[in-house]
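This briefing is intended for a reader who has the sequence and the structure at hand. Please look over both before turning to the points below.

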Amino acid sequence: MTTVAVIGGGIGGISVALALRQLAPDSEVMIFEASDRIGGKLATISVGKTRVEAGADSFIVRDPALIEVLERTGLASELIEPRVFGGLVSLDGHLAPLPTGTIFGVPGSLRAVAAAPLSARGKARAAAGLLRPGSLRGPDVAVGKWVTEHLGDEVLERLVDPILAGTRAGDVNEMSLAAALPTVNAAARKRAPLLTTLKAPKVRPRFLTHRDGMSAMAEALAHASGATIRTSSTVTSVEAQGAGYLVSTGSETIRVDGVAICLGAAQAAALVEGVAPLAAGLLKEMRSASVAAVAFSWSKAVELPSGSSGILIPSSNAETLSAATWWSLKWPHTGDDFVIRAFVGRAGHHRALDLDDEALASAALDDLKRHLPHLVTPENYSVSRWPSGMPVYPIGHHEHLARFEAALGRTPGLVVTSAAFRGSGIPDVYLQATSAAARLLGGLRPARR
Ligand SMILES: Cc1cc2nc3c(=O)[nH]c(=O)nc-3n(C[C@H](O)[C@H](O)[C@H](O)COP(=O)(O)OP(=O)(O)OC[C@H]3O[C@@H](n4cnc5c(N)ncnc54)[C@H](O)[C@@H]3O)c2cc1C
């Protein structure tokens, strides 16, 4: 029987275990998780009398593969959509609605341009850019460079930056177009007008969460994988031994046929070091931003701009806050207290995250009050920190990744899958983990498969 150690009990590790169950039902899979709970950044907590997420709150419905596994495991009927949807962006001291029909702020149609909070000059510039081919040739470029040159500085500063800075903690002037906006990059490299190649969704995207919280979804998926789950088990080293590997925690060493490392780049590097030092070095060069989410609660409902689910803050505002979600409008089933969730942390700006919890919450609240002047002091708050929790894809990320994959290719039966590679959203992590599981099995000696 094939034995596999999955290191990391986040959605990446759980997804590898689920895929192994499908591909090699007879294999014995163990998930090693450092903390005392499964789920990683799928982590449901409480603030006041309301349940809230410390990490991811939902996932986009885009790839059928994740939906299929949720159906197969009986979870699809437990999933619900947000009650409200629609972001506002803080511009010129006001909150303006973001248009639908964009790809991370890049307008996909003249209708999206017309509805965007741009000046007449900005709209004319964006429309002209959409009517031309994307004009991109050669190596990867920064999101900021291509968007400014092709669609104008207003599209960058008023649409793309607030979305990418707010949801990815990234700096648009350093972020890879190919890695951060792959569909835009592909369209920009075609010879037809962008308008015909961008293919932005015409309807608003659908998001789903588990009615009992994302931890419940992680636990149910982990259970469905049939893997043995070892919580409070930090893996400290992985070494090659014959055709297999030795996996050590502080208290034991076990021998397995295959290993899947499902961690952030820096954490994975520490474990890859003993087997593939070149690959470990390339992992160490990958970058990430630290972020925090602060959930504030009130016993009475808070007055908020109607029809919206939250705000995004452009980098140029230089606020502690990068985004906020009207949690209780979005997910009213989660409890009696009214909750707003604020996000802090941007690439290259770590100062706010050095503050202690009280000072960080206070700084985030001060910024919230700029946008919601009637906000009174909350009764409770909870700070969730994610050090190096948001991968940042710099220019040339895919080329770097190709070098890493080539270096790791010399370790059959050992795979690394990570949000640091090809997308950090839950569906991206799921897809990468599924193909990592297939690669792992493909690398095992025939007798071991
Ligand atoms: C604040 C925040 C909000 C987000 N919101 C969304 C969202 O709404 N929708 C969305 O799609 N995505 C969202 N994301 C991104 C998404 O949550 C993550 O990319 C994804 O959950 C990462 O999963 P993972 O399994 O790769 O890593 P993780 O969830 O980080 O799991 C890794 C696990 O490995 C464990 N571990 C670490 N070292 C070891 C070791 N040596 N041995 C054993 N175990 C170890 C850790 O304890 C952890 O549990 C958000 C991310 C953050 C930080």
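The notes that follow cover the domains, the ligand surroundings and selected strands.

The structure is a predicted model. The protein is divided into domain 1 (3-42 + 213-286 + 394-448) and domain 2 (100-197). A ligand is surrounded by 35 residues.

**Domains**

- The C-alpha centres of domain 1 and domain 2 lie 34 Å apart.
- Contact between the two involves five residues of domain 1 and eight residues of domain 2.
- On the side of domain 1 that touches domain 2, two residues are nonpolar and three are polar, with no charged residues.

**Ligand surroundings**

- Among the 35 residues around the ligand, the closest are Gly-8, Gly-10, Gly-12, Gly-40 and Ala-56.
- Two or more residues of this shell come from each of helix H1 (11-23), strand S17 (287-298), strand S21 (380-392) and helix H16 (426-443).
- By class, the shell comprises 17 nonpolar, 15 polar and three charged residues.

- Strand S3 (residues 44-47) pairs with S4 in the antiparallel sense, and four bridges join them.
- Ile-45 is placed opposite Val-52 of S4.
- Two residues lie between the strands of this hairpin, in which Gly-48 adopts a positive phi near 55°.
- In a regular strand, side chains alternate between the two faces of the sheet.
- In strand S4 (residues 50-53), Thr-50 and Val-52 are on one side, while Arg-51 and Glu-53 are on the other.

**Hairpin of S14 and S15**

- Strand S14 (residues 244-249) and strand S15 (residues 253-256) run antiparallel and are joined by four bridges.
- The hairpin formed by S14 and S15 has three residues between the strands.
- Leu-246 faces Arg-255 of S15 across the pairing.

**Three-stranded sheet**

- Strands pair in a sheet through backbone hydrogen bonds, in either a parallel or an antiparallel manner.
- Here, three strands make up an open sheet with antiparallel pairing, in the order S5-S11-S6.
- Strand S5 (59-60) and strand S6 (79-80) are at the edges and have a single partner strand each, so one side of each lacks a neighbour in the sheet.
- S6 pairs with strand S11 (residues 207-210) over two antiparallel bridges.
- Leu-79 has His-210 of S11 as its bridge partner.

Conventions
Residues numbered from 1 in each chain as written. Predicted model: local features only at pLDDT ≥ 70, side-chain atom pairs only at ≥ 80, totals over all residues. Near = placed C-beta within 6 Å. Nonpolar A, V, L, I, M, F, W, Y, C, P; charged D, E, K, R; others polar. Pairing = 2+ DSSP bridges. Buried ≥ 20, exposed ≤ 12 C-beta atoms within 10 Å, placed from the backbone. Domains from an automatic or database assignment. Contact = placed C-beta atoms within 7 Å.
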